[in-house]
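Have a look at the structure first, then read on.

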Amino acid sequence: MAMNEQEILAGLAEIVNEETGIEADAVQMDKSFQEDLDIDSLSMMQVVVNAEDKFGVRIPDDEVKNLTHVKDAVNFITNAQG
Amino acid sequence: MTVQPKPDQPTLTVPEGPRHARIHGLGGYRPERVVTNEEICRYIDSSDEWIQQRSGIKERRFAREDETVIDMSEAAARDAIAMAGITPDQISVVLMATVTHPYQTPAAAPILAERLGTNGPAAFDISAACAGYCYGISLANDMVRAGSAEYVLVVGVEKLSDFTDKHDRGSAFIFGDGAGAAVVGPSDFPGIGPTVWGSDGENWDKIMQKQPWTGLRADMTSEEAGAVEWPHFAMQGQSVFRWAVYTIAPVVDKALAAAGVTSDDLDAFVPHQANMRITDAMIKHIGLPEDIPVARDIAETGNTSAASVPLAAARMLNEGEAPHGGLALQFGFGAGLVYAAQVVVLP
């Protein structure tokens with residue numbers, strides 16, 4: 001069953017925490033992965049792959065560069081879930 | 001089409017090889033010149049800290065301008081031959097894995113064979129990039145066991161400094177030069193497990209020479225000023241990271257299962273030294289037991305493509321990090337995209 005935005009945000013925050021050690025609370029919609037959360041491109045890939053598993057969506061490599069902010073990822077996953 | 005031998009013709013004689021093969025000797029060569037991250041940062045906007053955080057690389061070696069892949073291979077091969085306790089004339093095949101021998105033809109292997117004082121063995125190069133050495137070990141194992149060769153010299157060598165764009169922030173700090181070599185020959189016990197290998201040509205452009213030689217020729221004859229661009233190697237780092245860590249990592253489990261061992265039995269894990277971050281993420285993803293020593297030669301050697309697995313394995317043996325006779329899982333992966341993994345008994 002498709003999750004709502006808050007559930008996706010919480011799930012994403014959990015993944016970010018597991019992969020990078022960053023506090024889940026710091027993962028907010030308006031934050032930039034790179035600038036605010038200090039997640040580089042390789043760590044971002046780890047987040048993306050885990051998000052694919054967790055939310056049952058496919059996030060192509062070419063799409064990852066567009067996911068600069070947490071809200072971009074949440075929106076993408078929301079839409080991809082249909 | 002079904003074919004039967006023609007009546008009355010003689011039956012072909014075919015060799016019968018030994019039941020098993022193993023690696024008898026390993027050798028490595030690193031060029032003398034150490035290139036620090038500070039030196040790399042003269043050409044890219046970066047820092048030692050950024051490079052180390054990004055790749056785990058502290059320094060790498062670059063060959064002299066006049067030092068060739070054949071020169072480096074010779075040094076590594078002589079060490080491997082000495083360790084194997086054989087003489088060069090016992091080598092029946094020389095197989096070089098490289099993507100940086102700068103001659104389209106001839107291959108490097110016949111010249112290396114001549115340099116080593118062998119007796120005119122079969123000699124050829126293979127192009128399997130960072131998986132080249134593991135491909136070579138697989139071929140050598142099959143050749144020995146089929147009776148096509150007694151001892152096979154397998155060399156992985158690269159002079160990547162010739163093909164690295166020192167101004168490319170994404171790849172300038174990654175690559176280094178070096179050579180690693182192994183002698184594969186007959187054995188009383190199974191010394192090379194089944195190779196699990198394959199390719200993914202759909203992603204051929206993830207790591208590639210920027211343009212073919214024919215493109216360079218077109219540039220050279222173009223009337224546009226400044227049109228000539230050396231065909232450096234380029235890499236889509238993020239995509240390669242995902243592919244290596246998540247898509248092909250299960251190959252490791254398959255290679256263990258094919259050899260009938262588990263990760264607990266390993267004395268060493270020797271992945272291609274692509275990037276320390278790939279190694280770390282891969283270990284985590286495949287759940288390798290924490291007490292298994294893992295090759296981390298990349299810190300001082302950089303990514304030397306086909307040379308990285310034998311260089312790292314030789315270092316682990318030399319530094320006592322892995323035991324002679326122990327089991328090592330080696331895993332090459334790279335441009336093609338191609339990959340190969342196998343469990344071997346260390347010499």
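## Helix pairs

In chain A, helix 1 (residues 5–20) packs against helix 4 (residues 70–81) at an angle of about 120°, and their axes are 10 Å apart. That angle makes helix 1 of chain A oblique to helix 4 of chain A. For the cut-offs, angles under 35 degrees count as roughly parallel, over 145 as roughly antiparallel, 65 to 115 as roughly perpendicular and the rest as oblique. The axes are lines fitted to C-alpha atoms, for helices over the stretch in contact, and angles run from 0 to 180 degrees between N-to-C directions. Helices (H or I, at least four residues) and strands (E, at least two) are DSSP runs, numbered from the N terminus.

Before going further: this is a predicted model, where local features need pLDDT of at least 70 and side-chain atom pairs count only at pLDDT 80 or more, while totals for chains, interfaces and linings use all residues. Residues are numbered from 1 along each chain as its sequence is written, and chains are lettered from A and ligands numbered from 1 in the order in which they are written.

Back to that pair. Helix 1 of chain A passes helix 4 of chain A in a right-handed crossing (right-handed if the near helix is turned clockwise from the far one by less than a right angle, left-handed if anticlockwise). On the helix 1 side of chain A, the contact is made by Glu5(A), Ile8(A), Leu9(A) and Leu12(A). Helix 4 of chain A brings Val70(A), Ala73(A), Val74(A), Ile77(A) and Thr78(A). Here, residues are in contact if their C-beta atoms, placed from the backbone, lie within 7 Å. By class, the contact of helix 1 with helix 4 in chain A has seven nonpolar, one polar and one charged residues. Ala, Val, Leu, Ile, Met, Phe, Trp, Tyr, Cys and Pro count as nonpolar, Asp, Glu, Lys and Arg as charged, and the others, Gly among them, as polar.

There's also a helix pair between the chains, listed here with the one above.

| Helix pair | Angle | Axis distance |
|---|---|---|
| Helix 1 and helix 4 of chain A | about 120° | 10 Å |
| Helix 2 of chain A and helix 7 (residues 237–247) of chain B | about 50° | 9 Å |

## Where the chains meet

Eight residues of chain A are in contact with nine residues of chain B. Helix 2 (41–55) and helix 3 (61–64) of chain A each supply at least two residues of the side that touches chain B, and the largest share, five residues, comes from helix 2 of chain A. That side of chain A divides into four nonpolar, two polar and two charged residues.

Helix 2 of chain A is oblique to helix 7 of chain B, and passes it in a right-handed crossing. Which residues in helix 2 of chain A meet helix 7 of chain B? They are Ser41(A), Leu42(A), Met45(A) and Val49(A), and they meet Gly237(B), Gln238(B), Phe241(B), Arg242(B) and Tyr246(B).

Five strands of chain B form an open sheet, in the order 1-7-6-4-5, with mixed pairing; two strands pair if DSSP finds at least two bridges between them. Strand 1 (20–29) and strand 5 (122–126) of chain B stand at the edges with a single partner strand each, so one side of each is left without a neighbour in the sheet. Neighbouring strands are turned by 20° against each other on average, direction ignored.

Strand 4 (residues 91–97) and strand 6 (residues 151–159) of chain B run parallel and are joined by six bridges. Val94(B) has Leu153(B) in strand 6 of chain B as its bridge partner. Helix 11 (residues 308–318) of chain B packs on the sheet, touching strand 1, strand 6 and strand 7 of chain B, and its direction makes about 90° with that of strand 1.

Chain B is divided into domain 1 (20–187) and domain 2 (196–204 + 234–345), with bounds from an automatic or database domain assignment. Their centres, taken over C-alpha atoms, are separated by 16 Å. 41 residues of domain 1 of chain B are in contact with 40 residues of domain 2 of chain B.

The peptide bond from Thr105(B) to Pro106(B) is cis, with omega near 0°, and Pro106(B) is in the loop between strand 4 and helix 4 (109–115) of chain B. A cis peptide bond also joins Gly336(B) and Leu337(B), with omega about -10°.

Definitions and conventions. Contact = placed C-beta atoms within 7 Å.
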